[in-house]
Structure formats: C-alpha cells, structure tokens
Amino acid sequence: MDLSGAIELHPGIHWVGVTDPGLRLFDDLYPTDHGTTYNAYVVKGRDKVAVVDTVKHGREEEFFAKLSRVVDPAQVDYYVVNHTEPDHSGVLAEALKRSPKATILCSQGAKNFLANQIHEPLPIRVVKEGETVDLGGRTLKFWLVPFLHWPDTIFTQLVEDGALFTCDAFGAHYCGRSIWADELPEYVPDMHFYFDSIIRPFKAQVLAAVAKVKGQRIGLILPSHGPVIRRNAHEVLERYETWSTPRQTDPTLLVLYLSPHHNTAAMAEAVAAGGAAVGGVRVLRHHVNDLPTPELRDLVEEADAFAFGIPTINKDVPKPMWEVLAQLSTVKPRGNVAALFGSYGWSGEACKLAEERLKGIGFKVPFPAVRAQFSPRPETLEQCRELGRSLAEAVRR
Ligand code: FEO
C-alpha cells in the first residue's frame with residue numbers, strides 16, 4: 001500500500017497523515033524501532049468538511065499536498081483537535097491560514113493549551129461531553145476522555161459510520177507497509193509497548209473512557225499514530241481494558257535495592273524480615289538489576305509501600321536506582337509511602353537525594369532513613385527491621 005498519498009479508508013473518510021519511518025526515538029524518550037505515523041483524517045459530510053487532527057510541525061507541505069487531493073483546504077469547515085500535543089497540532093496555525101472559514105472543535109483544556117501554543121486569536125468552539133456537530137448526513141459526537149494521555153484529550157465519534165477517532169489511545173508507533181492493522185499483525189507488540197510507554201500511567205482513565213464508548217457501534221478505530229483498526233474493533237477496546245485492569249494482590253511492601261558489597265543487601269533482608277513479621281502484608285524484595293523493566297513496572301503498580309536500599313557511590317544515587325526512581329512517574333502505584341536505607345563509605349548522600357526525588361513526585365517519606373557506614377552493625381540491622389515493621393503497619397492501615 002502506498003502511504004505517500006491520501007488513502008480513502010471508508011466512503012467519505014480519508015487518511016491524510018504523514019509517515020516517519022526513520023524515527024528511532026519519540027519525544028526524545030521512547031524507542032520507535034519501526035518509526036511512526038502522524039495520522040490526520042478528512043471527513044466529508046453533505047454540507048461540511050472536517051479534518052480530525054493534523055500532523056507534526058515541519059511536515060506541512062506533505063500534509064497539505066495530501067489534504068488538497070481530497071478537499072480544497074479553503075473549503076475545510078472544522079479542524080477537530082482531539083489533543084494539542086504538537087505532533088498533532090504542529091501545523092494547525094498554518095492550516096487556519098489556508099482554511100479561513102474553519103473553526104477549531106476541541107475541549108476547554110485544549111483551548112487553554114492552544115492559547116499558549118499559537119499566540120493569536122483562534123476561531124475555537126469548545127465542545128462538551130456528548131455534543132454533536134452535523135456535517136450533513138454525518139454527525140460528529142465528542143467524548144471527553146481527560147488524561148488519555150493529556151488533560152485536554154477527547155475522542156471524536158462519527159456516529160453514522162461507526163468510526164471513532166481516538167488520538168493517541170489505541171495507537172502505536174509503527175510505520176508499516178499498510179495503513180490497516182489487520183494487514184500488520186506483527187505490530188501488536190508495538191501497540192502494547194506504546195500503551196506501556198504513554199498510556200499506562202492513566203489506567204483508571206482508560207477504563208473510564210472504554211466504559212463510555214464500548215456500548216457504541218464502533219467498526220473503525222482511527223488513532224493518531226500507526227495502523228487503523230477495521231476488524232474486531234471491540235476486541236481492541238477490550239484489550240485496553242485488560243491491560244488497564246489492576247491485578248488483585250494482597251497489600252504489598254516492595255523492597256528494592258542495590259548492593260555492590262552486600263552491605264545494603266543485608267539491610268534489605270532486615271527491612272523485609274521486619275515487614276514480614278507484621279503479617280498480612282506481602283513483602284517482596286528485589287535487587288533492581290535483576291528486574292526487567294516490564295516486571296518492575298508491574299511490581300511498582302501493585303505496591304502500597306516502598307523501601308529503597310541505596311548505597312552511595314561518588315556522592316550520588318547509582319544510575320540503576322535513578323532509573324527506578326525515574327520510572328516511578330510512568331506508572332501509578334497503589335500507595336505512596338516510601339522509606340530509604342543504605343550503606344555508604346565516607347559521605348552518604350544517596351538516601352537524601354532519593355528522598356528529595358520521591359517527595360518531589362508526591363511520595364510520603366514518614367520515617368527517617370537508616371544508613372550504615374560500611375557494614376551495618378547489629379543495632380543498625382535492628383533499625384532496619386523496625387523500619388520494615390513501620391512500613392508494613394502503614395500498609396495494613
Ligand atoms: Fe501523539 Fe500525545 O501526542
């Protein structure tokens with residue numbers, strides 16, 4: 001399939017997105033081994049024309065060339081902004097110049113964000129939950145789905161056609177030989193990786209959004225990245241539901257540590273033993289270098305409290321633990337109580353630095369850190385056991 005031109009997906013619905021097969025890092029952050037696409041769509045009604053999302057800044061000429069093959073840009077009535085991240089709104093300012101009669105349809109949150117992206121008066125109509133816009137024989141209906149994955153996000157349903165434009169949700173960073181998901185079965189792991197990277201911190205919002213739309217007739221899911229879904233659309237909704245439904249586990253204290261010389265490991269054993277002695281709390285203890293990232297994310301999501309064992313190396317938190325602390329903002333744990341412990345040689349800054357990071361992202365650190373210079377003495381190990389007990393009791397409460 002040739003993705004260099006516009007593609008008619010359904011009578012009156014055209015893909016006018018752009019491809020980026022060579023992209024290897026999205027947002028300077030997420031690996032994209034198979035590139036990506038920035039999807040935009042034209043919907044033609046009997047009376048009005050809408051464009052759903054646009055593309056990334058810098059890809060204007062390609063986008064407008066495709067758009068022009070489907071409709072004269074001057075005849076566009078609406079630009080639907082499902083979400084304002086610049087990979088979808090980057091050419092909006094230019095689009096408004098080429099479409100002088102067009103109105104932007106978006107959420108109130110998107111309106112606020114656009115005011116700080118395009119510094120000029122904009123023709124915006126804020127849409128509310130369930131609001132409809134008649135294109136003539138075709139109806140756009142809007143669903144507010146905040147935090148999928150930005151606060152401004154909406155889904156746009158094309159009611160008569162059973163089509164749902166979902167922006168980042170249900171997307172994938174994948175640029176394949178076809179626009180159709182059913183012709184690219186190998187892309188499903190990329191869809192899951194995309195979910196884990198971008199959507200996963202918002203599982204509760206995913207469940208709320210799917211609950212809103214799953215009773216609707218949906219035969220087409222049109223995301224803003226990657227393949228378009230035309231088969232088993234409801235199974236894809238259910239796939240997101242499954243990925244977002246929390247596993248039921250006992251209350252959990254998660255002990256994560258590094259330990260080059262077994263000193264912090266001994267302290268971790270004592271913390272875990274103290275926690276286990278309380279009873280009724282699942283205590284898990286892991287050296288962070290033994291945890292693959294997906295498993296770490298699962299464990300973090302299921303934890304009610306955390307104990308981080310961090311040795312000080314070069315006056316700092318060692319990099320593998322910084323990476324764990326960085327991961328904490330990409331998943332949503334059940335609880336936010338944390339404590340710190342660790343061995344050091346001569347300075348011992350790591351626990352303090354980690355505490356500042358944890359507090360900075362909303363964790364409570366109610367107990368003083370337990371630190372040991374070189375090998376922990378018996379009384380220090382007892383302090384560790386007491387720390388584990390205190391955390392487990394906090395979990396039980
Ligand atoms: Fe693909 Fe949140 O932008």
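How many aromatic pairs does the structure hold? The structure holds 12 of them. The model is predicted. The chain contains 12 helices and 21 strands, and 55% of its 397 residues are buried.

**The chain as a whole**

- The C-alpha trace spans about 80 × 40 × 40 Å along its principal axes.
- Among contacts with a separation of 6 or more, 70% are between residues 24 or more positions apart.

**Aromatic residues**

- One of the 12 aromatic pairs is formed by Phe155 and Phe170, with 6.2 Å from centre to centre and 50 degrees between the planes. This pair is tilted.
- Phe155 belongs to strand β14 (residues 154-158), while Phe170 sits in the loop between β15 (163-167) and α5 (188-199), so the pair ties together parts that are 15 residues apart in sequence.
- Phe155 counts as buried because its relative accessibility is 1%. Phe170 counts as buried too, at 2% relative accessibility.
- Phe306 and Phe308 form a stacked pair, because their ring centres are 5.7 Å apart and their planes lie at 5 degrees. Planes under 30 degrees apart count as stacked.
- Phe306 has a relative accessible area of 0% and is buried. Phe308 is also buried, with a relative accessible area of 0%.
- Phe155, Phe170, Phe195, Tyr240 and Trp243 make up one aromatic cluster.

**Helix α6 against helix α7**

- Two packed helices are described by the angle between their axes and the distance between the axes.
- Helix α6 covers residues 203-213 and helix α7 covers residues 233-244. Their axes are 9 Å apart, and the packing angle is about 150 degrees.
- That angle makes α6 roughly antiparallel to α7, because angles over 145 degrees count as roughly antiparallel.
- The crossing of α6 past α7 is left-handed.
- On the α6 side, the contact is made by Lys203, Val206, Leu207, Val210 and Val213. On the α7 side, it is made by Leu237, Tyr240, Glu241, Trp243 and Ser244.
- Sorted by class, the contact of α6 with α7 has 7 nonpolar, 1 polar and 2 charged residues.

**Helix α5 against helix α7**

- The axes of α5 and α7 come within 12 Å and cross at roughly 50 degrees.
- That angle makes α5 oblique to α7.
- The crossing of α5 past α7 is right-handed.
- Sorted by class, the contact of α5 with α7 has 8 nonpolar, 2 polar and 1 charged residues.

- Glu8 is partly exposed, with a relative accessible area of 49%. Leu9 is buried, with a relative accessible area of 10%.
- Not counting residues up to four places away in sequence, Glu8 touches Ile13 and His14.
- With its neighbours within four places left aside, Leu9 is in contact with His14, Trp15, Tyr41, Ile179, Trp180, Leu222 and Val228.
- Leu9 and Trp180 are 171 residues apart in sequence, and their C-alpha atoms are 9.0 Å apart in space.
- Glu8 and Phe147 are 139 residues apart along the chain, and their C-alpha atoms are separated by 30 Å.

**A buried glutamate**

- Glu302 lies in the loop between α9 (293-301) and β19 (305-309).
- Glu302 counts as buried because its relative accessible area is 6%, and buried means under 20%.
- Residues up to four places away in sequence aside, Glu302 touches Arg247, Thr249, Thr252, Arg282 and Arg334.

Note on methods: Residues numbered from 1 in each chain as written. Predicted model: local features only at pLDDT ≥ 70, side-chain atom pairs only at ≥ 80, totals over all residues. Heavy atoms only, no water. Axes fitted to C-alpha atoms, helices over the stretch in contact; angles between N-to-C directions. Helix = DSSP H or I, 4+ residues; strand = E, 2+ residues; numbered from the N terminus. Parallel < 35°, antiparallel > 145°, perpendicular 65-115°, else oblique. Left-handed = near helix turned anticlockwise from the far one by under 90°. Contact = heavy atoms within 4.5 Å. Nonpolar A, V, L, I, M, F, W, Y, C, P; charged D, E, K, R; others polar. Phe/Tyr/Trp six-rings, centres within 6.5 Å; stacked < 30°, edge-to-face > 60°. Buried < 20%, exposed > 50% of the residue type's maximum accessible area, 1.4 Å probe, protein only.
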